[in-house]
Amino acid sequence: MPVFTATLGSVCFHSHLFNPDVSSLSCFLNQTKLSNLCSKPSFIKRPSSSPFYTLKVSASSASTNSQTENSEPAEAAATALLDNSVSSEDIRQRRSADWKAARAYWHSGFIYGGRVEGFNGGGLLVRFYSLVGFLPFPQLSPSHSCKEPGKTIHQIAKSLVGSILSVKVIQAEEESRKLIFSEKEAFWTKFSPSINVGDIFSGRVGSVEDYGAFVHLRFPDGHYHLTGLVHISEVSWDLVQDVRDILIEGDDVRVKVINIDRGKSRITLSIKQLEEDPLLETLDKVIPQDGSANSDSLTTSNSGTIEPLPGLDAIFKELLQEDGYFRFFIWNVNCEKEV
C-alpha cells in the first residue's frame, strides 16, 4: 500500500513545488491519482520549533476512470483536516508576513542563512521561513566547483542538501511567487572590500568565452570566493585570435586586478600586465635609458655624419624587406636624432 507524505510549507511530488494552502494540497491529491482512502488520515504536528506539519495519507492504486470522482472525498477529508488544525487564514497571514520579510531582505541587501531543502535541474531550493525560494546554479559561489572540480553541478547540488548557505535575496515578488537567491552576491558583500586595484591573485580558469576568460580568485583562506574577467586583450601581449588557444577551463594562473566596478559587482583582471611589454623591452635595448648615450652622441661628427644608435641598422634592414619601404634617413633636428 503506497504512502504519500505532504509537508506543510512545501510539497514536492514529481518535481513540482506547491504552496502550503488548501488549494495546493488539492492539486497534490488530484495529480497523485488517489482513489479510496483506506485509512483515516492522521495529522502529526512536529516540535514547536518547526512551523511545519506533516499530512500522511494512505491510498490504494487508482484507475484512470475513477480518478475524478474518487479524488473528491479525499480532497474533502484533507480540507476538513486542515480546518481543524490550522486555518487557511492563519497560513495566509504567515505567508504574507514572510513575503514582507523577503522584500525587506531584498531592499536592504542583508545576508540570510538559508537551508538547502533540495534541488532541481536548474538550481537549489532554499528555505526562507515558511517560503521556499530558488537559487539558480549560476548564482552559486565558485568555491563549490573549485573545491570538487571532478563533480558535476548536480552532484555538488546533492551534497549541499541540508547545509546552510549565505545568500542574498535578489528578487521577491509575492504576486508572481518569485523568490530568488544569490550566493555570489552575498560573497561579493563579504569579500570584495578586501581587494584593491593592483592586487595579484592566484586563480583558476572557469568558463572561457570568445571575449575572454572568467577566473576564480583564490583568497588567503584557500577558497575561491570571487570571479573576475580577463578580457581577450589582457590575456597576452601577442595578438590573440582565440582565447581557447591559450587558456582552458581548470588552468591555474596568476592575475592582476586592474579595475573594480563595485556598483556592478565586476572585477577586471589581466594576465599580460604581470609581464613586461616586449615592445618596451626592445626599445630599451635599442635606445639605452641609463644615460650611456652621452651628449657627444647627439652631435654630428667632424665628417658631418651621424652615428646611428646601436640596433638601428638591423631594424632598417628588416624594414627594407617589407613592401612600401625603400629608403631611410637620419638627421639632426634641434640637436636630437630622428628616424
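Phe214 is partly exposed, at 25% relative accessible area. Partly exposed covers the range between buried (under 20% relative accessible area) and exposed (over 50%), using a 1.4 Å probe and protein chains only. Tyr211 is also partly exposed, with a relative accessible area of 42%. This is a predicted model, in which local features need pLDDT of at least 70 and side-chain atom pairs count only at pLDDT 80 or more, while totals for chains, interfaces and linings use all residues. Residues are numbered from 1 along each chain as its sequence is written, and side-chain values use heavy atoms, leaving out hydrogens and water.

The ring centres of Tyr211 and Phe214 are 6.2 Å apart and the planes stand at 90 degrees, so the pair is edge-to-face. Rings of Phe, Tyr and Trp (its six-membered ring) pair if their centres lie within 6.5 Å; planes under 30 degrees apart are stacked, over 60 edge-to-face, and the rest tilted.

## Other aromatic rings

The structure holds 10 aromatic pairs. Tyr112 and Phe128 form a tilted pair, with 4.7 Å from centre to centre and 50 degrees between the planes. Tyr112 lies in strand β6 (residues 111-119) and Phe128 in strand β7 (residues 123-128), so the pair ties together parts that are 16 residues apart in sequence. Tyr112 is buried, at 11% relative accessibility. Phe128 is buried at 0%.

One aromatic cluster is formed by Tyr105, Tyr112, Phe128, Tyr129 and Phe181. Tyr129 sits in the loop between β7 and β8 (131-136). Tyr129 counts as partly exposed, at 37% relative accessibility.

## Positive phi angles

Most residues other than glycine have a negative phi. Tyr129 has a positive phi of about 55 degrees, although it is not a glycine. Ser265 also has a positive phi, near 55 degrees. Ser265 is found in the loop between β14 (252-261) and β15. Its relative accessible area is 23%, so Ser265 is partly exposed.

## The chain as a whole

The protein chain has 8 helices and 17 strands. Both are DSSP runs, numbered from the N terminus: helices are H or I with at least four residues, strands E with at least two. Of the 339 residues, 35% count as buried. The chain exposes about 20,200 Å², and carbon and sulfur atoms supply 51% of it. These areas come from the Shrake-Rupley method with a 1.4 Å probe; for residues, only the protein chains shown count as cover.

Among contacts with a separation of 6 or more, 58% join residues 24 or more positions apart. A contact means heavy atoms within 4.5 Å.

## The largest pocket

The largest pocket has a volume of about 960 Å³. Of the 36 residues that line it, Leu140, Pro142, Lys184, His216 and Thr227 are the closest to its centre. The elements that give two or more residues to the lining are α4 (143-147), α5 (153-160), α6 (183-191), β11 (200-209), β12 (212-218), β13 (224-231) and β15 (266-270). The largest share, 6 residues, comes from β13.

A pocket is an open set of points on a 1 Å grid over the protein atoms alone, where a 1.4 Å probe fits, with protein on both sides within 12 Å along at least five of seven lines; lining residues have an atom within 4 Å of a point. Points are joined across faces, edges and corners, and the volume is the space filled by probe spheres set on them. The lining divides into 15 nonpolar, 15 polar and 6 charged residues. Ala, Val, Leu, Ile, Met, Phe, Trp, Tyr, Cys and Pro count as nonpolar, Asp, Glu, Lys and Arg as charged, and the others, Gly among them, as polar.

Ser207 is found in strand β11. Ser207 is partly exposed, at 34% relative accessibility. Leaving aside neighbours within four places in sequence, Ser207 is in contact with Ala213 and Phe214. Ser207 and Ile248 are 41 residues apart in sequence, and their C-alpha atoms are 8.0 Å apart. Gly222 lies in the loop between β12 and β13.

Lys168 is found in strand β9 (residues 164-173). Lys168 counts as buried, at 14% relative accessibility. Beyond neighbours within four places in sequence, the contacts of Lys168 include Phe110, Phe181 and Glu185. Lys168 and Phe110 are 58 residues apart in sequence and 6.6 Å apart in space, C-alpha to C-alpha.
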